[in-house]
There are 2 protein chains.
Amino acid sequence: MALIVQKYGGTSVGSIERIRNVAKRVARFHREGHQLVVVLSAMSGETNRLLGLARELSANPSPRELDVIAATGEQVTIGLLAIALQEMGIKARSYTGAQVRILTDGAHTKARILEIDEKRMRKDLVNGTIAIVAGFQGVDKDGNITTLGRGGSDTSGVALAAALKADECQIYTDVDGVYTTDPRIVPEARRLDAITFEEMLELASQGSKVLQIRSVEFAGKYLVKLRVLSSFDDPESTAKGTLITYEENDSMEQAIISGIAFNRDEAKISVMGVPDRPGIAYALLGPIAAANIDVDMIVQNIGASGHTDFSFTVNRNEFQKAMDVLSRGKGTTFDAREIIGDSHIAKVSAVGIGMRSHVGLASKMFKALADEGINIQMISTSEIKIAVVIDEKYLELAVRVLHKAFELDKAPG
Amino acid sequence: MALIVQKYGGTSVGSIERIRNVAKRVARFHREGHQLVVVLSAMSGETNRLLGLARELSANPSPRELDVIAATGEQVTIGLLAIALQEMGIKARSYTGAQVRILTDGAHTKARILEIDEKRMRKDLVNGTIAIVAGFQGVDKDGNITTLGRGGSDTSGVALAAALKADECQIYTDVDGVYTTDPRIVPEARRLDAITFEEMLELASQGSKVLQIRSVEFAGKYLVKLRVLSSFDDPESTAKGTLITYEENDSMEQAIISGIAFNRDEAKISVMGVPDRPGIAYALLGPIAAANIDVDMIVQNIGASGHTDFSFTVNRNEFQKAMDVLSRGKGTTFDAREIIGDSHIAKVSAVGIGMRSHVGLASKMFKALADEGINIQMISTSEIKIAVVIDEKYLELAVRVLHKAFELDKAPG
C-alpha cells in the first residue's frame, strides 16, 4: 500500500465522460489498497474562457480579481470528480486551495507555494476517503485567492506529494511518457522508462512540453518521485509511463544521450565588433534584462584587434523589443560595428546524463550535422547538454539525423 | 451620504455588457458619495449549467459537492464586476462568502446564515473601496462551502445590510418594482411606491416572484429597509422602485388593498365525510407532512351528523404523491366517504394592510366574483389577506375583476 498523488490535466477532465474515466482510474488504485490524493486542473478551455471574460472588461485587469475568477475552473472539476467517485460507492471529498490551506505568497497570477497544511487530507486518507484538491490555486496569508500561473497544477501536485511525503506523484497527461524526441518528427522516437530530473529539465525547457519546469525543479528539490503517464489509456491499463528520478541508479537505462530536444520559438541577435573590454557583456545585456526580456543562450567569440562579437537568443515574441533596446544603446552605452537579428533560427539539443562520463559526443553531433550540410551558427554546452543554433529550415532534418546518430531508436543494451 | 447594499440578480449580470451597466450604476451611487456593498448572483443560466454537469454524473449528487460547484458562479461575477469598476478608476474588491466570512449552518444547498463578519468590508468602505460580495453562498464552521438555495442572493443582500446596519438594501431585478398585480394580466396594474413587509410576504408567496420570501422575512426581522428596483433602467435613472417598509407610516399610500396576487401552481384535495372528532386533522395531515409535502390552504367545514368535509391545497407537483398518501390512509388511519382531487384550480388573493381596519372587503370581493359567475370553491382569510380558490379557467378574469373592484388602477387619494 502506497500513498500516491495523482494529477490530471485539463484535457484529462475536459468532459463529463473523461471525468468519469478519471474516476475509474482512481477507483482502480483505491481498490488496490493505495491512499490517494487527486489534483485536478480546470476543464480544458475553461481557464481561457474565464480570463477572456475579464479581458473583455479591461485590457489590464487586476491580478487579484483574475485569480478570483480563474480559480473557479478547478473548483468545478474537483466537485464533479468527487461526485463521480461517490457514485461508484467510493468516499471522496473536494478541497479548494484555501480549504487545504495551500499557503502562497501574494504574487497574484504567479504565486509561489510557501506551506501546505496536510492535516485535513491526512485524516481523509486514514479513513479511506480520497482527497480531491484543486490544482493551480492557493491562498495568501490574508485569505486572498492566488493562482500559480499556467501549468501550475503540476506544481500543486508535486508540492502536495512533498508535503504528504507521498511514495509517488503521478502526472497524467495526453502523452504516455517522455520520448527520446517528438514522435511527430521522428516516428522511431522511443518512450523512456526513466530519466533524471536534470535531463527532464533540459528536455522540458527545450520544448518537450510534458511537464511544467517549475514542478520538475520542485520535485527535484524535495526528492519527489515523479511519473508521467497517459490519462487516455484504458483505466485498467498498467502502463508505467516514464519515471523521473532524482538520482541515477542501476535500474535506469544506461543511455549516454536520453533525447533530442528542440525549440523554434527563439531568435538570435548578434552584436558585431564591440570593444573587447571588461563590462561589455553587462553593457549589452543589462538593458535587455531591465526591459524584462529573458535571454537563453549567450555566446561570446574571442575577438581580434581588441574587438569581439557577441550573440544571444531571446524568445521570438520579444525579438523586436530586444532589437529596439540594443539600437537605442548602440553609440551611447556601448559601441558596436553592427547589430544583426535573425528570427529564422532553431535550437536543437542533445541531452543526457551520460555526457558527464563520456567524451567525443560533441564532435559526433557536429559531424552528423555536417554530413547533412547543416551549418551551426551557435554552440553552447552544459554538463548534460549540447545545444546548437541552426537555420530553422533544417530543424526536422537535424532532429532526425541526431536521433539516428545517437541510436535513440534502439533500446539501450 | 448613506451606506447602501445593492443586490443584482442573474439577468442583471447575464453578460459582459450588462456587468458594465451594473458598474455604471454602482459608479453613480459612488459618485454621489455613498458607501457601497454590492452583492451578486451568478450569470443567468450558469448555476443551472453547473448543476447540470453534476447531474450528468449522478442522479443524487452529494449536496456538499454541489455547493462547491455551484458557488463558482458568483465567484466569477464578483471578479468581473471588480474589474469593470477598477477600469472606471474606482477602487473595488471582491469577496467570496468564505472571505467575508458569511458563517452558515452545515445544511448544504439550503444553508441558513448564522453570522456575518463585517470587519473587512467595513475597512473597505472607510477607505472608499466598493466591496463586492458573492451572494447565495457562505461557509460552515468547518470551512465547507455552503449555498443558501435558490434565490439565496436576495437573502445574502439583506443579511449583509443587517450586519452592516445599512441605510437601505436595494434589490435590482428585471422588474421596476412591486405592482398591484401582474401587468401581463391587467395592463392597468400600477407600481406601488411602498408596501409593508407583511403585504410583500403575502404577494411574494402568492406568485409575485419579485423577491425570495426568506429575504423579506429576514428584512422584517432585522428592520432592513428594502427597495426593489430595475437594473434595466438607464444607469443614470433616478427611479425609486418600490420601498418595502417594516412599519406603516404617514408617507405610505393609504390604500386598503395593495394588490391582487395569484397562484396557479396548486391543486386541491377534499376528503369528504370524515368522522368529526378531535385528532382528525392530524390523522389526515400528519402523514402528508411526514411525506415532506407542503400544505398551503386548509379548510374544514362544519359537519352534519357527526361527519365533516376537509379540504386543503398542495403544490401541483406533489398532488399525486399526496393523493397516494391519503389513499393508503383511508380505511386504516382514518375513515372517509370519498377523496376528491382537483389540479385545475387557481388561488386568487386580495392583499392589504388596510384590511385590519376596514370591514366589508370580503363581501365586496365575493360580490365582484359572483357578478361574473365565478364560483368560489374555498375561502381562507388572514389579517391582511382574503384568498379564494376558483376554477383555473377563470384566473385571469378574476384578477381583472378584483383589480377593478378595488380601484387599484387609480392612485390612492
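User: Is the crossing of H4(A) and H2(B) left-handed or right-handed?

Analyst: This is a predicted model, in which local features need pLDDT of at least 70, side-chain atom pairs count only at pLDDT 80 or more, and totals for chains, interfaces and linings use all residues. Residues are numbered from 1 along each chain as its sequence is written, while chains are lettered from A and ligands numbered from 1 in the order in which they are written. A crossing is left-handed if the near helix is turned anticlockwise from the far one by less than a right angle, and right-handed if clockwise; by this convention the crossing of H4(A) and H2(B) is right-handed.

User: At what angle do helix H4 of chain A and helix H2 of chain B pack?

Analyst: Axes are lines fitted to C-alpha atoms, for helices over the stretch in contact, and angles run from 0 to 180 degrees between N-to-C directions. For H4 (residues 72-87) of chain A and H2 (residues 46-57) of chain B, the axes are 9 Å apart and the angle is about 25°.

User: Are H4(A) and H2(B) roughly parallel or roughly antiparallel to each other?

Analyst: Angles under 35 degrees count as roughly parallel, over 145 as roughly antiparallel, 65 to 115 as roughly perpendicular and the rest as oblique. The angle here is about 25°, and H4(A) and H2(B) are therefore roughly parallel.

User: What percentage of the 413 residues in chain A is buried?

Analyst: A residue is buried if 20 or more other C-beta atoms, placed from the backbone, lie within 10 Å of its own. In chain A, the buried share of the 413 residues is 48%.

User: How many helices and strands has chain A?

Analyst: Helices (H or I, at least four residues) and strands (E, at least two) are DSSP runs, numbered from the N terminus. The C-alpha atoms of chain A fill a box of roughly 75 × 55 × 30 Å along the principal axes, and the chain has 13 helices and 20 strands.

How values were computed: A residue is buried if 20 or more other C-beta atoms lie within 10 Å of its own, exposed if 12 or fewer, and partly exposed in between; C-beta atoms are placed from the backbone.
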